[in-house]
Amino acid sequence: MHTNPLATVRNLGILAHVDAGKTTVTERILYATGTTHKRGEVHDGTTVTDFDPQERDRGITIFAAAVSCAWDGHRINLIDTPGHVDFADEVERSLRVLDGAVAVFDAVAGVEPQSESVWRQADRHGVPRIAFVNKMDRAGAELDAAVASIRERLHPVPLVVQLPVGAEDAFTGVVDLVRLRALTWTDDDAAAAAQEGPVPDDLREETNRRRRLLEEAVAELHPGALEEFCATGSLGAGTIAAALRDLTRSGEGVVVLCGSAYRNRGIEPLLDAVLAYLPSPLDVPPVRGTHDDGGEQERAGEQERAADPAAPLAALAFKVNATATGRLTYLRLYSGTIEKGDTVWDATARRTERIGRILRVRADRHAPLDRAVAGDIVAVVGLKSARAGSTLCAPSAPLVLEPPGVAEPVVSVAVEARRGTDTGRLASALARLVEEDPSLVVRTDRETGQTVLSGMGELHLEVAVEKIRRDQGLAVAVGRPRVGYRETVGRGVSGFVYRHVKQDGGAGQFAHVVLDVEPLDTPDSGFEFRSAVVGGRVPQEYVRAVEAGCRDALAEGPLDGHQVTGLRVTLTDGATHVKDSSDTAFRTAGRSGLRDALRVCAMVLLEPVVEVTVTVPEDAVGGVLGDLAARRGRVTGSDTRTGGAAVTATVTATVPLAELFGYATRLRSRTQGRGTFTTRPTGYAPAPAPASEPSPASASAR
C-alpha cells in the first residue's frame with residue numbers, strides 16, 4: 001500500500017510523428033480505463049482529445065489536449081501532443097510539465113523525422129520515456145526493424161520486453177518477456193480484457209532466446225542486476241522489473257512494447273508499463289526556480305520546491321484557452337495546494353489572481369474539484385493575466401519558474417478584415433490567438449501598415465486564420481505567405497571608428513568607439529560581443545552599454561531590414577569625456593556605430609531551410625526528384641521499403657522553406673494522391689541574392 005498519494009500519480013505525454021497513432025493510443029487508454037464507453041476513431045471524428053472542429057476535419061492533432069483517467073489504483077494525467085512540425089511549440093510546452101512520456105512509433109516506418117524531433121525535445125527536458133511500436137497488424141510491420149531504427153537514429157539502448165504473437169493480419173497478442181506469459185486478444189469482443197496463458201509451444205524457443213538477450217542487456221547497464229547475473233547466471237522477474245524502472249528513469253535504457261491500438265491490442269500492458277517504469281511526481285527532482293523578492297533585485301537566488309502538498313504553492317501555466325465566455329488556464333502544480341477561492345501571486349505578471357474554479361480535465365469536458373495538490377495537472381477558471389509560461393505561487397513565498405522556450409516564427413502572412421467595420425473584432429481575435437499560442441506573433445508592418453501574423457509554418461498560420469473565421473464568424477483576407485529572412489556578415493571590417501557627439505545646451509553626449517566586425521562559423525549562430533579594450537580607456541559600465549547598443553542594431557540589417565545574426569563584434573578601443581560621457585551616449589554609439597559598420601561590410605541574405613522527407617510509390621520517384629531540384633532542393637538521402645506488394649521510396653532533401661508553399665498540392669498531383677511529405681527546420685542558408693558590396697564610405701570610416 002502506498003503511504004504517499006503522490007506515488008500513485010503519473011503525468012505523461014504521448015509523443016510521435018504525425019499519423020503514428022498517438023491519438024488512437026490515447027483513445028484506447030481512455031477506453032481501457034473506463035473513462036469512455038465507446039471507442040473514438042480519428043477517421044470518424046469521434047475522438048475525445050481531437051475535439052476541435054479543425055482537428056476532426058483534418059484528422060490530425062493540432063492542440064495539446066489533457067485528459068485524466070485511472071488505472072489499477074493510480075491517476076494518470078495524459079497529454080496527447082501534436083505530431084506535425086508546425087505545432088512543435090505545443091509539444092515543447094507540454095514536455096516542460098510532464099514527468100514521463102510514451103513515444104509511439106509506426107511498426108512499418110520505424111523512426112520518422114518528427115518522431116526524431118520530439119525525441120530530441122524530450123532529451124532536452126530530461127523526460128524519461130518508454131516506446132510503443134504501434135500498427136503491428138499492418139502489412140510490412142516488423143518489430144525488429146522498428147527497434148533497429150530506434151537504436152540507430154535515436155541512440156538509446158532499447159530494452160524489448162515483448163515478443164509479438166503472429167504477424168501483420170495475424171497479430172493477436174504479445175509474449176511478456178519479463179513474466180514469461182502470453183497475452184492475446186480476439187476480434188470477437190473488443191471490450192474484453194487480454195487472455196493470459198502460457199507461452200505458445202512454437203514461440204517457446206524464441207521467447208527463451210529473447211529473454212536471455214533482455215537479461216544480458218539489463219545486467220550490462222544495471223550494477224544490481226549484474227551482481228545477480230554473475231552470481232546465478234540469470235535474472236528473476238522482480239530484478240528485471242526493478243532494473244527496468246531504474247534504467248528508464250535515468251534515461252540509460254528505453255523499454256519497448258508493441259501492439260495495435262486500432263485493434264485494441266497491447267493497451268493494458270502499456271498501461272501496466274507506465275505505472276511500473278515511468279516516474280511519479282515524487283521520483284523526479286524538485287522543481288528549481290528563482291526567488292522573487294518583489295524589490296529592485298527581482299531575482300535573488302535559486303530555490304527548490306519538492307512535490308509536497310504542505311509546501312508553499314509553485315505552479316506553472318502551460319496552456320491557455322481564451323474563449324468568448326472566459327479563460328481556461330492549464331496548470332501543473334509542483335508543490336503546495338490550491339483551493340477554490342484562493343488568492344495566488346502571478347510572479348511573471350507581478351499581480352495577485354483569484355482561483356475561481358478548479359477543473360479535472362478531460363479534453364473539452366471537465367469535472368469540478370474543490371482542491372488540487374502538488375503533482376496534479378488541472379485547469380482553473382478566473383485568472384485574468386496568466387499566460388503560457390506564467391508562474392503562480394504563494395504570495396508569502398514568491399518564486400519564478402523557468403518558462404518553456406518559444407521558437408522564433410519563420411513564416412508570415414498579411415491578414416485583414418474584408419469589411420472595414422470588422423477591423424476591431426479582428427484585432428481582438430488576433431490578440432486572443434496570441435494569448436493561447438505564444439509561438440504566434442502579430443505586428444504591424446511599418447512600411448505598408450498591414451497587420452502581419454507570423455508562425456511556425458504554412459499549416460500553423462492556416463489553422464490560426466481558420467480558427468478566427470470559425471470562432472468569430474469573420475471574413476478574413478490573407479496575403480501570400482512570406483518567410484522570415486535574416487542577414488549575416490559575409491566579409492567583416494576592422495578598426496571601424498564611430499564618434500557620437502551631441503551638444504544642445506546643458507550636459508552633452510560624448511562616446512568614441514572602435515569596432516571590429518567578423519562573421520561567425522555558422523551564419524545563423526546568433527551574436528557574440530567581446531571587449532579587447534586595454535588600459536581602461538572605456539570603463540566596464542560603458543562596455544556593457546556598447547554591447548546593449550550593438551544588440552539594438554541587430555533588429556534591422558542594411559540589406560532589407562531583416563534581423564542580423566551570425567556575427568562577432570569586438571570593441572577594440574574608445575575614448576570618454578570627463579563630463580559628457582554616459583551609458584546613454586555609449587549605447588547610442590554602439591547602436592549607430594554597428595549600423596554604419598554593417599553598411600561597410602559585405603552582407604549576405606539568409607533564408608530558412610528545412611529537411612523534407614517525401615514518401616512516394618517507387619514509380620513516382622523520378623518526377624519527385626525533378627520537382628525538388630526545381631525548388632532548389634539538395635537531395636541528402638533515399639531509401640526503398642517493401643510493404644506487402646507495394647514498394648515505396650523515401651527521399652530526404654534540404655529545401656528552402658520559401659519554395660515549399662503549395663508543395664502538398666503539387667505532390668498530390670504528381671503521385672495521384674499517394675505521396676506524403678514531412679518537414680523539419682534545419683536553420684538558415686545563404687539565399688540566391690547578390691551580397692552587398694562595401695560602400696566608398698569605408699575609406700573615411702576607417
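Me: Is Arg 181 buried or exposed, and how is that read?
Reply: Burial is read from relative accessible area: buried is under 20%, exposed is over 50%, and partly exposed lies in between, with a 1.4 Å probe and protein chains only. Arg 181 has a relative accessibility of 11%, so Arg 181 counts as buried. This is a predicted model, in which local features need pLDDT of at least 70 and side-chain atom pairs count only at pLDDT 80 or more, while totals for chains, interfaces and linings use all residues. Residues are numbered from 1 along each chain as its sequence is written, and side-chain values use heavy atoms, with hydrogens and water left out.

Me: Which side chain does Arg 181 meet in a salt bridge?
Reply: A salt bridge is a side-chain nitrogen of Lys or Arg within 4 Å of a carboxyl oxygen of Asp or Glu. Here the partner of Arg 181 is Glu 196, at 3.0 Å, N to O. Arg 181 belongs to strand β9 (residues 181-184) and Glu 196 to strand β10 (residues 195-197), so the pair ties together parts 15 residues apart in sequence. Strands (E, at least two residues) and helices (H or I, at least four) are DSSP runs, numbered from the N terminus. Glu 196, at 51% relative accessibility, counts as exposed.

Me: Where in the chain do Glu 607 and Arg 632 lie?
Reply: These two side chains form a salt bridge at 2.7 Å, N to O. The pair links distant parts of the chain, 25 residues apart: Glu 607 is in strand β36 (residues 602-617), and Arg 632 is in the loop between α14 (621-630) and β37 (634-643). Glu 607 is buried at 3% relative accessible area, whereas Arg 632 is partly exposed at 35%.

Me: How many residues apart are Asp 123 and Arg 120 in helix α4?
Reply: They are 3 residues apart, about one turn of the helix, which covers residues 113-125. Asp 123 is partly exposed at 38%, and Arg 120 is partly exposed at 27%.

Me: How many salt bridges does the whole structure hold?
Reply: The search finds 39. Asp 144, Glu 206, Arg 209 and Arg 210 are linked in a network of salt bridges.
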